[in-house]
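I open my notebook and load the model.

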Amino acid sequence: YCPWWTKALPQRGAWLGIPKEKITAYNSGKLNANARHPIFYNATKGKWERRYVEYKGVTTNDKKNASHHSSFMGVLEYIPAKKKVFYLYRRKVVYYDPVANEWSEAGEHSKNNIAYDMNACFDTKRQRMLIFKETGFWIYDLNADKWVTPKSENEPENLPSCNKGTTHYDSVNDVVVVLSRPAKHQFAMHIYDCDTGVWTKQDIQYPEDFSPKYKAVHGFYHPQLNAHYYYMAGDSGNKDARMLVYRYKK
């Protein structure tokens, strides 16, 4: 459930059979706990769409809490080499095949304490997923479909969940740029060198007319322009929102 889906995903009310006058953030309507629908945005048509996928026990082992687990906040990333979508569901990895329209399990379950709201980025050079949250840093090898221990020197004390920061793989410089909010009104930037495994802290210089106070952040990396885009806005409003652009140089 998400308090903001009424604006971001208005079709959800119709999908769940909720009358317009009864649409609220937490009304789940006729939620089918036996389905695992991928929801995606069709950029050509300019609207959200979904596909029905029957539940076959792939995305949860807990049938008693199937409704809760079906809405689990995990890591989602399309992997071109596999032509599948990577999904980190708690401690295990599953793939969604958009052509076959089905889910499948992959690899062994992680022994690490992987929970909800993980942050992640896709290392396209080494074909691996880098997973972060708080004091945890893990790597999943996509070619071997197994978990590996990352090299990590001078690691920050706190790495961001997806609610408190964003992580991008910078393919031009072969680094991961981590922008996080460890304190309520402050952001920090750390750089992870994918080759050496060494972390360094980077100073942040904002435009003179901008303050990061009370802001959340989300963004993406544009490899052709070698630029990191960050959208900063309030949690419940965007009157003071700003799109910032950053370029890392070694």
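I start with terms: strands are DSSP runs of E with at least two residues, numbered from the N terminus. I call two strands paired if DSSP finds at least two bridges between them. This is a predicted model, in which local features need pLDDT of at least 70, side-chain atom pairs count only at pLDDT 80 or more, and totals for chains, interfaces and linings use all residues. Residues are numbered from 1 along each chain as its sequence is written, and side-chain values use heavy atoms, without hydrogens and water.

Entry one: strand 9 and its partners. I find three bridges between strand 9 and strand 10 (residues 146–148), and the two run antiparallel. Asp141 is opposite Lys146 of strand 10. Four residues separate the strands in this hairpin, and Asp145 in the turn has a positive phi of about 50°.

I turn to strand 8 (residues 128–133). Six bridges join it to strand 9, again antiparallel. Met129 has Tyr140 in strand 9 as its bridge partner. This hairpin has two residues between its strands, and Glu134 takes a positive phi near 55°.

Buried means under 20% relative accessible area, with a 1.4 Å probe and protein chains only.

I locate Val217 in strand 15 (residues 216–222). Val217 counts as buried because its relative accessibility is 11%. Leaving aside neighbours within four places in sequence, Val217 has contacts (heavy atoms within 4.5 Å) that include Gly165, Leu179, Phe187 and Tyr230. Cys162 is 55 residues away in sequence, yet its C-alpha is 9.2 Å from that of Val217.

How values were computed: Buried < 20%, exposed > 50% of the residue type's maximum accessible area, 1.4 Å probe, protein only.
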